[in-house]
Amino acid sequence: VGRTAPVACLATFETNYVPGVFQAIAYRNGVAVGRSELRTASGSPHLSARADRDQITSGSHDLAYLSIALADEQETIFTTATADVRVAVTGPGVLAGLQSDDPQSPEAFTSDQRRTFAGRALAIIRPTGQGTISATVSSEGFAPTTTLIRVD
């Protein structure tokens, strides 16, 4: 691993990989002031889709963001897994975009299909009227999942 110049307020260290939970605790004057943890996904992945909120307003200026992931039963993401996902939207809404964080993806932002990157993708849904939008995420080898978003 190449070494770079030190960065203020950045701690780096090396450790051996062991499945489980890795927890970092920040201390100030001997008192814990912050925590962050990484957890290893376990078992078999399933498709997970969660909207940032379950209600949006009608009109072209409001959007719902649907986080798509390959996750375990505790919703821990399998960051090394990939799958081709498809998003189908019915009701008073349209799929405005579908993206992963893959900087080299040849797939169009406006496509309804995308390969996950680090186990994730993001769908953007725009309402076209009032009612209930249904967004179904599917992928070969996984049970589909549907998320409902109410539009007022």
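Analyst: Let's start with Ser134: at 17% relative accessibility it counts as buried. Keep in mind that this is a predicted model.

User: What makes Ser134 count as buried?

Analyst: Buried means under 20% relative accessible area. Ser134 has 17%, so it counts as buried. Ser134 lies in strand 10. Leaving aside neighbours within four places in sequence, Ser134 is in contact with Ala88, Val89 and Thr90, and also with Thr146, Thr147 and Leu148.

User: Which strand does strand 10 pair with over seven bridges, and in which sense?

Analyst: Strand 10 (residues 131-138) is joined to strand 11 (residues 145-151) by seven bridges, and the two run antiparallel. One of the pairings puts Thr136 with Thr146 in strand 11 as its bridge partner.

User: How do you know that strands 10 and 11 count as paired?

Analyst: Two strands pair if DSSP finds at least two bridges between them. Seven bridges join strand 10 to strand 11, so the pair meets the cut-off of at least two.

User: And Val151, is that one buried or exposed?

Analyst: Buried: Val151 has 2% relative accessibility, and the cut-off is under 20%. Val151 is found in strand 11. Leaving aside residues within four places in sequence, its contacts include Ile56, Pro92, Pro127 and Ile133. Gln130 is also among the contacts of Val151; the two are 21 residues apart along the chain, yet their C-alpha atoms are separated by 4.9 Å.

User: What makes strand 4 and strand 8 edge strands?

Analyst: Look at the order first. The open sheet has five strands in the order 4-11-10-6-8, with mixed pairing. Strand 4 (55-56) and strand 8 each have a single partner strand, so one side of each is left without a neighbour in the sheet.

User: Which strands does strand 9 pair with in the antiparallel sense?

Analyst: Strand 5 (residues 64-71) pairs with strand 9 over six bridges in the antiparallel sense. Strand 7 (residues 93-99) is joined to strand 9 by six bridges as well, and these two also run antiparallel. In strand 9, Ile124 has Tyr65 opposite, while Ala123 has Leu98 opposite.

User: Why is Ala96 called partly exposed?

Analyst: Buried means under 20%, exposed means over 50%, and partly exposed is in between. Ala96 has a relative accessible area of 29%, so it is partly exposed. The place of Ala96 is in strand 7. Not counting residues up to four places away in sequence, Ala96 touches Phe109, Ile124, Ile125 and Arg126.

User: What makes the phi of Asn29 worth a look?

Analyst: Most residues other than glycine have a negative phi. Asn29 is not a glycine, yet its phi is positive, at about 55 degrees. Asn29 sits in the loop between strand 1 (21-28) and strand 2 (31-39). At 78% relative accessibility, over the 50% cut-off, Asn29 counts as exposed.

User: Where is Ala118, and what is its phi?

Analyst: Ala118 is in the loop between strand 8 (113-115) and strand 9 (120-127). Its phi is positive too, near 55 degrees, in a residue other than glycine. As for accessibility, Ala118 is partly exposed, with a relative accessible area of 32%.

User: Now the whole chain. How many helices and strands are there?

Analyst: Zero helices and 11 strands.

User: Why is the protein chain described as more spread out than a compact globule?

Analyst: The globule rule gives 15 Å for 152 residues, and the radius of gyration of the protein chain is 19 Å, well over that, so the chain is more spread out than a compact globule. Along its principal axes, the C-alpha trace spans about 55 × 35 × 30 Å.

User: What share of the contacts links residues 24 or more positions apart?

Analyst: Counting contacts with a separation of 6 or more, residues 24 or more positions apart account for 59% of them.

User: And how far apart are the mean positions of the charges?

Analyst: For the 12 positive and 15 negative charges, the mean positions are 6 Å apart.

Technical notes:
Residues are numbered from 1 along each chain as its sequence is written. This is a predicted model: local features need pLDDT of at least 70, side-chain atom pairs count only at pLDDT 80 or more; totals for chains, interfaces and linings use all residues. Side-chain values use heavy atoms; hydrogens and water are left out. Helices (H or I, at least four residues) and strands (E, at least two) are DSSP runs, numbered from the N terminus. The radius of gyration is taken over C-alpha atoms; the globule rule is 2.2 Å times the number of residues to the power 0.38. Contact means heavy atoms within 4.5 Å. Lys and Arg count as positive and Asp and Glu as negative; His and the chain ends are not counted. The place of a charge is taken as NZ of Lys, CZ of Arg, CG of Asp or CD of Glu. Buried means under 20% relative accessible area, exposed over 50%, partly exposed in between (1.4 Å probe, protein chains only).
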